[in-house]
Amino acid sequence: MSIPQERRLVTAIPGSKSQELLARKQAAVPPGIGTALPVFVTRAGGGVVQDADGNSLIDFGSGIAVTSVGNAAPKVVERVQEQVADFTHTCFMVTPYESYVEVCEKLNELTPGDHEKRTVLLNTGAEAVENAVKIARHATGRPAVVVFDHGYHGRTLLTMTLTAKNMPYKQGFGPFAPEVYRVPLAYPFRWPTGPENCAEEAAAQAIDMIVKQIGAENVAAVVIEPIAGEGGFIEPAKGFLPRIAEFCRDNGIVFVADEVQTGFARTGRMFACEDEGIVPDLITTAKGIAGGLPLAAVTGRAEIMDKVHSGGLGGTYGGNPVACAAALGVLETIIEEDLVAKARRIGDIMLPRLHALRERFDVIGDVRGRGAMIAVELVQPGTKEPNPAALAEVVRRCHAEGLLVLTAGTYGNVLRFLPPLVMPEHLLEEGLGILEKAFAEL
């Protein structure tokens, strides 16, 4: 790696150059575009990001699970440079190119299930989810879409409607899209009768609501994240997802796994739904697919995908050749470097350390996650009352010490960790040490 894999602080965070750039940002960009940590990055790679002031920070965010193979990964850079030199765009719907087809072939092969599949390439996770709903409605002739508490699916009109959390994603942006219905998610930490009852009771409630309030025969698709991302990295209680998938199969409902954040080795599997053997009818992917270039996909059963008429799917930039080249570099990197195993190794290092912190600090109510997708939920000590103030203070201390961390959660009280899968273990350990110090100083 050309960038030294070390934390190095030469100024306060943010430094003067980043503050100058922040002033320019505030003058040119609307405040609706928020910033988690206003250090302006000049280089990044491995497990670090470097800012305009020369600071080198440990990256526990990966651009929200995007740069899983690391920033400027060699195979991604090489393929992108070659593609840019050849051509940057033709529009696949006008004159196609092989790399689009190759990405589709690889996704058809890698996603769960050995049935015949088709893939369409798009630009963003939200666009992938919208297209999955379009495809499901077209294939079934039904209008309704079912989603879950704590789910996040995007910021467009439909995906904003599918998203559970109001602030900041929905506040003031209504009215919303019709025929979207929300049912309970199996949230073990907050299930009223305890985690041991969570899967069975949540599934029963969700199915009862679908049958009684919507009518299963009216539902085109059930859309769910195998691990709820923005909702707080909520891992549904074991058994919940298989029960929902079974209900969908029995009632001709398209089961859509939204793996935009969980996909591409992030959870210690290539796709998170593999953990319980779930084979979705449609799976949406983005984020980690192309190393930071805009690309997304819907992959699904051929008999469903083929229902849509010619011209019914597409978009000017969908499957851009440069993004496709990047995706091929990402997939090559994941397989050759066995990043699925590396994600599991990250979990093996982080989870015991975080569980030990929970034993020491009663502000930590829950530790959860798989692979390199892990979170801690902060509470008022002795209760399950959310504690966003403690979260803000921990984040502030981590950022000041050069550890980039992200937040999440319906209640604004979850600290989430998404380190690059190529992060050196010494940086992972150093970052955990900074986190421990932040909790100790609360």
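Let me start with one cut-off: a residue is buried under 20% relative accessible area, exposed over 50%, and partly exposed in between. Take E332. At 26% relative accessibility, E332 falls in that middle band, so E332 counts as partly exposed. Keep E332 in mind. One caution before we go on: this is a predicted model.

Now, where does E332 go? E332 forms a salt bridge with R79. The closest N and O atoms are 3.3 Å apart. This pair links distant parts of the chain. E332 sits in helix α10, R79 sits in helix α3, and 253 residues separate them. R79 is partly exposed too, with a relative accessible area of 29%.

That brings us to the two helices themselves. Two packed helices are described by the angle between their axes and the distance between the axes. Helix α3 covers residues 74–86, and helix α10 covers residues 321–336. Their axes come within 8 Å. They cross at roughly 155°. That makes α3 roughly antiparallel to α10. The crossing of α3 past α10 is right-handed.

Who makes the contact? On the α3 side we have K75, V76, R79, V80, Q83 and V84. On the α10 side, the residues include P321, V322, A325, L328 and E332. Sorted by class, the residues of this contact are nine nonpolar, three polar and four charged.

Next pair: α7 and α8. Helix α7 runs over residues 198–214. Its axis and that of α8 come within 9 Å and cross at roughly 25°. Are these two parallel or antiparallel? With angles under 35 degrees counting as roughly parallel, α7 and α8 are roughly parallel to each other. Here too the crossing, α7 past α8, is right-handed. From α7 come A199, A202, A203, A206, I207, I210 and V211. From α8 come F240, R243, I244 and F247. The classes in this contact: ten nonpolar, no polar and one charged.

Back to salt bridges. How many are there in the model? The count comes to 26 salt bridges. I will pick out a few.

E235 and R370 form one, with the closest N and O atoms 2.4 Å apart. This pair also links distant parts of the chain. E235 lies in the loop between β7 and α8, R370 lies in strand β11, and they are 135 residues apart. Buried or exposed? E235 counts as buried, at 18% relative accessibility. R370 counts as buried as well, at 13%.

R8 and E6 are another case. Their side chains meet in a salt bridge, 3.2 Å from N to O. R8 is partly exposed at 29% relative accessibility. E6 is partly exposed, with a relative accessible area of 36%.

Then there is a network. Salt bridges link E393, R396, R397, K437 and E441.

A144 is in strand β5, residues 144–148. Its relative accessible area is 0%, so A144 is buried. What does A144 touch, leaving aside neighbours within four places in sequence? The contacts are E179, Y181, I214, N218, V219, A220 and A221. N131 is in helix α5, residues 125–140. N131 counts as buried at 5% relative accessibility. Beyond four places in sequence, N131 is in contact with L122, V298 and L313.

Last topic: backbone details. Most residues other than glycine have a negative phi, and most peptide bonds are trans. Which places depart from that here? Start with the peptide bonds. The bond from M167 to P168 is cis, with omega near 10°. The bond from G174 to P175 is cis, with omega near 5°. P168 lies in the loop between α6 and β6. P175 lies in the loop between α6 and β6.

Now phi. C91 has a phi near 75°, a positive value in a residue other than glycine. C91 is in the loop between α3 and α4. C91 is buried, with a relative accessible area of 9%. F233 has a positive phi too, near 55°. F233 lies in the loop between β7 and α8. F233 is buried, with a relative accessible area of 0%.

Conventions
Residues are numbered from 1 along each chain as its sequence is written. This is a predicted model: local features need pLDDT of at least 70, side-chain atom pairs count only at pLDDT 80 or more; totals for chains, interfaces and linings use all residues. Side-chain values use heavy atoms; hydrogens and water are left out. Axes are lines fitted to C-alpha atoms, for helices over the stretch in contact, and angles run from 0 to 180 degrees between N-to-C directions. Helices (H or I, at least four residues) and strands (E, at least two) are DSSP runs, numbered from the N terminus. Angles under 35 degrees count as roughly parallel, over 145 as roughly antiparallel, 65 to 115 as roughly perpendicular and the rest as oblique. A crossing is left-handed if the near helix is turned anticlockwise from the far one by less than a right angle, and right-handed if clockwise. Contact means heavy atoms within 4.5 Å. Ala, Val, Leu, Ile, Met, Phe, Trp, Tyr, Cys and Pro count as nonpolar, Asp, Glu, Lys and Arg as charged, and the others, Gly among them, as polar. Buried means under 20% relative accessible area, exposed over 50%, partly exposed in between (1.4 Å probe, protein chains only). A salt bridge is a side-chain nitrogen of Lys or Arg within 4 Å of a carboxyl oxygen of Asp or Glu.
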